[in-house]
Structure formats: C-alpha cells, structure tokens
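Here is a walk through a two-chain model, one piece at a time. Keep the sequence and the 3D view open while you read.

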Amino acid sequence: MPVPILKQGPYLVASIQDALSDREVLELQENLLKQIGEVRASGIIVDVTAMDVIDSFASRSLRTVALTTRLRGAEMVIVGIQPDVAFAMVQFGLLMDDVNTALDLEEGLEFLDSWIAGRTFDDEE
Amino acid sequence: MQQDDVTLMQEPNTEDGNSCLPELVSHLRDSRTQLREEWAQRITDAQLLGAMSEEEIFSEVTSVFDKYVDTLETGSVESLQEYAEDLSERIIPRGVETHEVLGIVLLLRDVLARSLFQKYQEDFKLFNRVLDAYEPAANRIAVIVGVSFVHERERVIGQQQATIRELSTPVLQVRERLLALPIIGELDSQRAGQLTEQLLNAVRSNRARVVVIDITGVPAVDKNVANHLVQTVRACRLMGAAVLVTGLSSDIARTLVTLGVDLSMMDTVGDLQGGIEEAERLLGYEVRKAPIATPEAKG
C-alpha cells in the first residue's frame, strides 16, 4: 500500500504506517516530490512514529527528499522518530544533521509555521 | 571449585569413620548445653560479633549448633545452606564481617573437636577414627557457611550497585519542555547507555525541546564517553530536542581537544546556570526580577 499523502493547509503530511520496503520508499520519494509542485506546498511533514526501524536506505532517501524540497523553496521536517530508533540511527552513523526533525506532528506543524513566518519576515526586510 | 574441595576433604572418610558418626552425633547432642555455652563464651572472648548483643549471639549459637549437628548426622547440606543464607541476610546489614563469620564457624569446629578429644582420649585409635569421620564433615560445613555468606554479600552489593546506578541518572524537568540531566560520577559504557535510554524516553514523555546535560560531576572523560555524549546529542536532535552541554572543566575540555573528538555539533555553555539561562532564551522565556515588596511600601 502506498503511503498516503494528505494536504493540510499549505503543507503535505505523509504518515508512514508500517515498515517500508525499498521500493515503497522510492515511491514515497517520487510522490512527495511530484506533489510538492502540483499543490504548491510550502512544507512537508513525514511522520515516522510507526516505524520500528529506519535503515540507511530509508534515511538517505528521506534526506534526499528534504534537500530537494529545500531547492524547490519549501522545507521538510521528519517527526516522530522513536527513542530507540534515534539511538540506533546515530550508532549506525546515519547522519541527518542537515534535516529538520521534530518530536511529533504537532511540533512539526509548529516548526513549519514559524519557518514560514521567518521567511516572510526576511522577505519584507 | 568448591565441589572439588569438598570431595578432596571427604577422601579419608573410610567406612570405619562412617560408623563412628552416629556415636559422635549422639555425644554432641548429649553435651549440647555445655558445648554451646562454651562456644558462645569463646565468641565473646575473641570479641567477634561486636555488633550483636549477648542474647542474640546465644540464640543464633543455639540454632547454628543444632543445624551443625544435624548436618553432621545426615550429611545433607541443603538446610544448613538455606539457614546460612538466611542468617547472612539478617546479619550483613548490621555490619558483620566475613572474618567474623569464618572465625565463628572455625571456633565451633575447635570446641567440638576438643570435646571429642576429652571423651576419647583414653582410646587413641578410636579417637582417630572419630576424627576421620568428624573432620571432613566439619570442614565441609565451614566451607558452606563461608561461601553462603560471601554469596549473600555479593548479592547485596550487586543490588546496591543497581540502585545507585538507577538513582544517579535523574532526568529532571526544569520548566515546561526543558529537561536537565546532571551526571554525577564516573561514566562507563553501561551507565552511559542506560543514561541515553532514560534521557531519550524522557524527551518523548515530557515533550522536551531543550535538554541541558551537566557534566560538572564527571571526574574524567575519555574518548568512548565523549563519543557517547556526541551520539546522545545527535539522537536527541533526531527527536527534535536541542542539547546544551554544560560544566566542562578546563581539564576535560583540554582532554577532549587533545583526543581530537569531533565536538563541532555540540553546543556547550560554561556552567549549569548559563545552560539553563540559554535554554530559557531558546524556549522564549524571559526571566525578570519582580519588584520586591518592602515593609515601607506595605506601610
């Protein structure tokens, strides 16, 4: 089953419900990048709360989406990384230093709101 | 290893010796009152068990004596072992030391041996046979009691260590969404792992945005601990929480630089106070002094 991508205001929310195969990860990547242009979204939230494992392929793909999104003028945030998943990722050296992360969906929305607010502020200056 | 020792000691136990055991046991039972008094007296004389009163010593002496004779008779050590563990559990918290326990058991062995000597001194051959029966059993009992005591002690120590570890890594909520983790004491890899786990779970349950890790109380930091700290910081970031590390002493800071640990992604602040203030700023708090109501103002 493809990961559902919901439109929520100016943002896209992809909520991953299960462990993903490499194929599904690529599909998600493609769909997100496609939709960001279609709906003119200014932010993407990827919710990984339900994922028990985030392997190197998944984390690299998500990072690619994040960096690509940034090039298209929007911002992505990954939310809901669980404590043991977070530590495992760090131990395996899956670095996400240049990707935004937040605790949960609520935090992610707040982050994007303030990012947009910051952007308009910068523009006005 | 203990088992090997026991069998070695039993080797001189000939059939002749075995046949002497019942007689031996009944002699010890007959002189129970006198023997245990003598034993208690010798314990007091040797100034063992200073932590216990004389009545307590005497009642323990009585039950140990009975168990001892039972064990001699039946050769079954289970009930003695159980009793020894139970006894250890009771006396360890009162500060009874290993040498005292061993001393007491050996004293009992001596008291009983002497009484046997008195009884059989006429017939040296018979005395030898009695001793053949008595010595291995007595030594075995001494070993069992000593080992039980040490085991119990080790168990208590292990339990206390677990408690200390548990206590020594409290994750405290200072303000809403702000956690503080003061680390006190040496960090080994086991403790560091436990600490990270507790911290990450606390970040989730308190929905923390900023974490201040204070390492003022850590005496030394080596490469492993430094790397672990860096990993903890990264993992917190993945969960959306920023981390400030405070309380790096000049020695530790120098060590880290010398070791070449990559600390580029660690935000550090001088002390805990500075760390909390910085965290409050990040969270948008503004702390101001309220005007103090002086007595004049009230009047």
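Let's start with helix α5 of chain B, where the buried residues are Leu80(B), Ala84(B), Leu87(B), Ser88(B) and Ile91(B). Buried here means 20 or more other C-beta atoms within 10 Å of the residue's own, exposed means 12 or fewer, and partly exposed is in between, with C-beta atoms placed from the backbone. Looking down the axis of α5(B), those buried residues sit within an arc of 100°, so they line one face of the helix. The arc is taken over the directions from the helix axis to the C-beta atoms. Turned away from that buried side is a face with the exposed residues Glu78(B), Ser79(B), Glu82(B) and Asp86(B).

The length of α5(B) checks out too: its 14 residues (78-91) should span 20 Å at 1.5 Å a residue, and the end C-alpha atoms are 20 Å apart, which agrees. The expected span is 1.5 Å times one less than the number of residues. Helices (H or I, at least four residues) and strands (E, at least two) are DSSP runs, numbered from the N terminus.

## What you are looking at

This is a predicted model, in which local features need pLDDT of at least 70 and side-chain atom pairs count only at pLDDT 80 or more, while totals for chains, interfaces and linings use all residues. Residues are numbered from 1 along each chain as its sequence is written, and chains are lettered from A and ligands numbered from 1 in the order in which they are written.

## Chain A and its sheet

Chain A has 4 helices and 5 strands, and along the sequence they come as β-β-α-β-α-β-α-β-α. Of its 125 residues, 39% count as buried. Among chain A contacts with a separation of 6 or more, 77% come from residues 24 or more positions apart. A contact means two C-beta atoms, placed from the backbone, within 7 Å.

The strands of chain A make an open sheet of 5 in the order β1-β2-β3-β4-β5, with mixed pairing. Strands pair if DSSP finds at least two bridges between them. At the edges stand β1 (5-8) and β5 (100-102) of chain A, each with a single partner strand, so one side of each has no neighbour in the sheet. On average, neighbouring strands here are turned by 25° against each other, direction ignored. Between β2 (11-15) and β3 (43-47) of chain A, which run parallel, there are 5 bridges; Ala14(A), for one, has Val46(A) in β3(A) as its bridge partner. Helix α1 (22-38) of chain A packs on this sheet, touching β1, β2 and β3 of chain A, and its direction makes about 165° with that of β2(A). For these angles, axes are lines fitted to C-alpha atoms, for helices over the stretch in contact, and values run from 0 to 180 degrees between N-to-C directions.

## The sheet of chain B

Over in chain B, 5 strands form an open sheet in the order β1-β2-β3-β4-β5, and the pairing is mixed. Its edges are β1 (172-175) and β5 (267-269) of chain B, each with a single partner strand, so one side of each is left without a neighbour in the sheet. Neighbouring strands of this sheet are turned by 30° against each other on average, direction ignored.

Now zoom in on β2 (178-184) of chain B, which is mostly covered, with 5 of its 7 residues buried. β2(B) runs antiparallel to β1(B), joined by 3 bridges, and Arg175(B) has Leu178(B) as its bridge partner. The hairpin of these two strands has 2 residues between them, and Arg177(B) takes a positive phi near 70° there. With β3(B), β2(B) runs parallel through 6 bridges, and Ile184(B) is partnered by Gly217(B). Lying across β1, β2 and β3 (210-217) of chain B is α8(B), running at about 165° to β2(B).

## Where the chains meet

How many residues of chain B are in contact with chain A? There are 14, and they meet 13 residues of chain A. On the chain B side, α8 (189-206) and α9 (223-238) each supply at least two residues. That side divides into 5 nonpolar, 4 polar and 5 charged residues. Nonpolar covers Ala, Val, Leu, Ile, Met, Phe, Trp, Tyr, Cys and Pro, charged covers Asp, Glu, Lys and Arg, and the others, Gly among them, are polar.
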